[in-house]
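Here's a quick tour for anyone opening this structure for the first time. Have a look at it below, then read on for the main points.

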Amino acid sequence: MKLLNLLKTLDYERLAGTDGEQRAYQTIINHLKSINLKPHLETFEIDGFESGTAELICGSKSWEATPYGLCGDSSTTGELLYLENADALFLRPGAYDGKIILYNHSSKRLHELVSCSSIKALIGVSAPHKKAYSYSYRQNMPKEELIPSLMIRYDYAQALMKLSGQVITINIRQKAEKKVAHNIVLDIPGTGIDNSLTMLVGHYDTVARSHGASDNAAGTVSLIKAAEYFSKHKPARDLRIVWFSGEELGLLGSFAYANAHEDEIRQRLRLVVNVDLGGDPIGRNVLFVLGTKELMGYATGLLRGKGLLFAEQLNIYSSDGMPFSVFEIPSLNIARVGGTALFTGHTEEDTAKLCTEYGLTEIYLATQTLLDHVLNSQFYPINKEIDDSLRDKIERYLWNSTLTKPDLFWREKYKK
Ligand SMILES: [Zn+2]
């Protein structure tokens with residue numbers, strides 16, 4: 001089946017722990033079973049939620065909005081205040097207590113904004129010409145800090161900022177509860193040249209309200225195609241393909257996986273290839289190398305040899321490779337960016353309609369090319385190493401996404 005036709009079978013919201021996720025993992029499993037592959041599911045518990053709805057009311061006027069994930073049901077009435085830059089909450093502590101804050105910018109993260117003040121509710125503004133983004137609170141937020149929060153469209157914000165100082169009501173209807181989410185795991189055993197393990201991963205879940213075609217049904221179908229390819233072209237080394245859920249809620253599936261498989265990760269995992277974002281008709285292929293310069297040269301060279309031009313960058317990438325960096329496992333993150341997805345990402349407009357076969361082909365071919373070499377070369381071609389220059393970024397990223405201080409289990413590096 002063509003990549004685009006596969007992608008069309010996943011063109012619906014696939015929020016972790018919901019019916020949409022279940023429909024998606026059943027669809028992926030059915031595709032794999034139809035080519036005689038036998039994946040299994042690994043479950044993990046999350047603080048989940050249904051997308052929900054929200055509205056803002058002032059007098060006889062009302063506007064629809066989208067609630068942040070994990071807010072739950074609420075009705076809040078208070079004075080609206082427009083703060084262009086919400087850093088003011090830090091710089092005038094206590095001055096805005098009890099207010100409903102409409103804001104456009106902050107250098108702080110959401111959890112920092114909420115924990116530093118006693119405001120009643122937060123309203124964020126989406127980019128112009130774009131439907132409201134979907135956001136969610138983090139899993140480890142203290143319950144009392146999960147204040148009613150929502151996103152509104154840019155044009156609605158223009159109307160609302162004129163109401164600063166008036167009393168408004170925010171109604172949020174959203175079921176938030178413990179849910180079970182599912183990773184799909186498929187092993188393709190090698191012929192036994194050594195006992196290393198290489199992983200190919202990508203997330204199949206979406207944010208609330210989005211079909212996540214570009215992000216990341218695109219990567220999901222690349223993984224299905226790769227499963228088909230490597231089951232027919234048996235590699236020398238073991239390959240494990242994992243479709244993660246819960247990525248959009250803070251890499252929950254990959255963190256759960258890393259937790260459950262820590263011993264094996266330490267003993268034999270050597271590389272993670274992660275595919276995230278694709279499908280754009282006009283775009284730019286990019287390769288984020290969370291590893292060393294040596295790995296970056298190796299990977300881009302292999303791709304060029306196949307006529308695939310990827311803009312390479314030694315950097316972290318906000319996706320499922322990150323939990324493995326805790327154990328100094330490098331990851332190659334394959335993505336296609338820059339076109340329509342720039343405007344539709346994490347909104348309800350990220351649908352299959354905007355994806356093309358062309359926009360999916362090169363990210364798939366890059367995936368196949370890299371793995372073909374790594375899995376079949378005489379010696380494992382990549383060192384289990386991440387450049388020290390990325391260490392601080394990794395720590396900060398992990399801390400922000402888990403709200404817990406990370407421990408990195410990296411090899412000691414001695415200077416010559
Ligand atoms: Zn993604």
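A polar contact here is a pair of N or O atoms within 3.5 Å; within protein, one of them must be able to donate a hydrogen and the other to accept it. By that rule, the side chains of D276 and H203 are in polar contact, at 3.1 Å. Keep in mind that this is a predicted model. The chain splits into domain 1 (3-49 + 178-402) and domain 2 (53-174).

**How the two domains meet**

- The centres of domain 1 and domain 2, taken over C-alpha atoms, sit 33 Å apart. Domain 1 puts 21 residues into the contact, and domain 2 puts in 17 residues.
- About 1,600 Å² is buried between domain 1 and domain 2, with carbon and sulfur atoms giving 45% of that area.
- What holds polar partners across this interface? There are 6 residue pairs in polar contact between domain 1 and domain 2, while the count of salt bridges between the two is 0.
- On the side of domain 1 that touches domain 2, the elements giving two or more residues are β1 (40-49), α11 (341-344) and α13 (391-402). The largest share, 4 residues, comes from β1.
- That side of domain 1 is made up of 8 nonpolar, 9 polar and 4 charged residues.

**Two buried spots to look at**

- You'll find D276 in the loop between β12 (269-275) and β13 (284-290). Is D276 buried or exposed? With a relative accessible area of 4%, D276 is buried, because the cut-off for that is under 20%.
- Leaving out residues up to four places away in sequence, D276 touches H203, D215, N216, E247, Y317, S318, S319, I334 and A335.
- For a sense of distance, the C-alpha atoms of D276 and Y380 are separated by 24 Å, and these two residues are 104 residues apart along the chain.
- T367 belongs to helix α12 (residues 357-376) and is buried too, at 0% relative accessibility.
- A polar atom of the T367 side chain lies 2.6 Å from the backbone oxygen of I363. Beyond neighbours within four places in sequence, T367 is in contact with L200, V275 and I334.

**A helix with a buried side**

- In helix α7 (residues 252-260), the buried residues are L252, G253, S254, Y257 and A258.
- What do the buried residues of α7 pack against? Their partners are β1, β9 (176-188), β10 (197-203), β11 (238-244), α8 (262-268) and α10 (322-325).

**Salt bridges**

- The whole structure has 16 salt bridges.
- One of them joins the side chains of K178 and D47, at 2.5 Å from N to O. This pair links distant parts of the chain, with K178 in strand β9 and D47 in strand β1, 131 residues apart.
- The K178 end is exposed at 54% relative accessibility, whereas D47 is buried at 15%.
- D155 pairs with R153, and their closest N and O atoms are 2.9 Å apart. D155 is partly exposed at 37%, and R153 is partly exposed at 30%.
- R411 pairs with E385, with closest N and O atoms 3.8 Å apart.
- R411 is partly exposed at 45%, and E385 is partly exposed at 24%.
- D187, D238, R240, E264 and R268 are joined in a network of salt bridges.

Definitions and conventions:
Residues are numbered from 1 along each chain as its sequence is written. This is a predicted model: local features need pLDDT of at least 70, side-chain atom pairs count only at pLDDT 80 or more; totals for chains, interfaces and linings use all residues. Side-chain values use heavy atoms; hydrogens and water are left out. Domain bounds come from an automatic or database domain assignment. Contact means heavy atoms within 4.5 Å. Buried area is the accessible area (1.4 Å probe) that two parts lose on being put together, summed over both. A salt bridge is a side-chain nitrogen of Lys or Arg within 4 Å of a carboxyl oxygen of Asp or Glu. Ala, Val, Leu, Ile, Met, Phe, Trp, Tyr, Cys and Pro count as nonpolar, Asp, Glu, Lys and Arg as charged, and the others, Gly among them, as polar. Buried means under 20% relative accessible area, exposed over 50%, partly exposed in between (1.4 Å probe, protein chains only).
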